[in-house]
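I opened the model and kept notes on each thing I looked up. The entries follow in the order I made them.

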Amino acid sequence: MDLVQLRNEDPTQPFVATLLHDSYCRKGGSCECQQESYQAAVQNPVTGAVGLRDGLRAQPKGVSIGVGKTSEPFARCVVKVPGFKEAIQAGRLAVIPVVPVAPPSPPAVEPPRVRGRRESASSE
Ligand SMILES: [Zn+2]
């Protein structure tokens, strides 16, 4: 995925916005919303008894970037999310492409040295 980081260029104000599901998650292909549990009162239509039902609802993720700070990586579509878009256009947020870092090559595994082979060379 194409990732960018955002740096708050505003000299005084921290940047605060919300990653709206419709404009970020759906375009970015992964939902960043936080699932928040809640309880809802439900009335039984037959008995009239009111009970509590547990449920989960998605809360859009809030983002706050301190003055001069750089955010965590976001999917590139963050630049189109309302709030972010305006700040980027106004120069209050700088978009920094995240260069994918090649995974470190695994340490070279040396084949175990077999000792004593030389001595066992055939003596004809
Ligand atoms: Zn979402």
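This is a predicted model: local features need pLDDT of at least 70, side-chain atom pairs count only at pLDDT 80 or more; totals for chains, interfaces and linings use all residues.

Entry: I then checked burial along β4 (residues 50-59): the count of buried residues among its ten residues is zero, and I noted the strand as hardly covered.

**Entry: the whole chain.** I stepped back to the overall layout. I counted two helices and seven strands, and along the sequence they follow the pattern β-β-α-β-β-β-β-α-β. I looked up the radius of gyration, which is 28 Å, whereas a compact globule of 124 residues would have one near 14 Å. The C-alpha trace spans about 100 × 55 × 25 Å along its principal axes. Of the 124 residues, 13% count as buried. I also looked at contacts with a separation of 6 or more: 71% of them join residues 24 or more positions apart.

**Entry: the open sheet.** Which strands form the open sheet, and in what order? I read three strands in the order β6-β1-β7, with antiparallel pairing. The edge strands are β6 (74-75) and β7 (93-97), each pairing on one side only. Between β1 (residues 3-8) and β6 I found two bridges, again in the antiparallel sense. Val 4 has Phe 74 in β6 as its bridge partner.

**Entry: the core.** I then listed the largest nonpolar core, which holds 14 residues. The members that touch the most others are Phe 15, Tyr 24, Val 78, Val 81, Phe 84 and Leu 93. I sorted the core by element: β2 (15-19), α1 (21-28), β5 (61-65) and α2 (84-89) each give two or more residues. The largest share, three residues, comes from β2. A background remark I kept beside this: in soluble globular proteins, nonpolar side chains tend to be buried together.

**Entry: Tyr 24.** What does Tyr 24 touch, leaving out residues up to four places away in sequence? I noted Leu 19, Glu 32, Cys 77, Val 78 and Val 81. Of these, I had already listed Val 78 and Val 81 with Tyr 24 in the core.

Note on methods: Residues are numbered from 1 along each chain as its sequence is written. Helices (H or I, at least four residues) and strands (E, at least two) are DSSP runs, numbered from the N terminus. The radius of gyration is taken over C-alpha atoms; the globule rule is 2.2 Å times the number of residues to the power 0.38. A residue is buried if 20 or more other C-beta atoms lie within 10 Å of its own, exposed if 12 or fewer, and partly exposed in between; C-beta atoms are placed from the backbone. Two residues are in contact if their C-beta atoms, placed from the backbone, lie within 7 Å. Two strands pair if DSSP finds at least two bridges between them. A nonpolar core is a set of buried Ala, Val, Leu, Ile, Met, Phe, Trp, Tyr and Cys residues joined through C-beta atoms within 7 Å.
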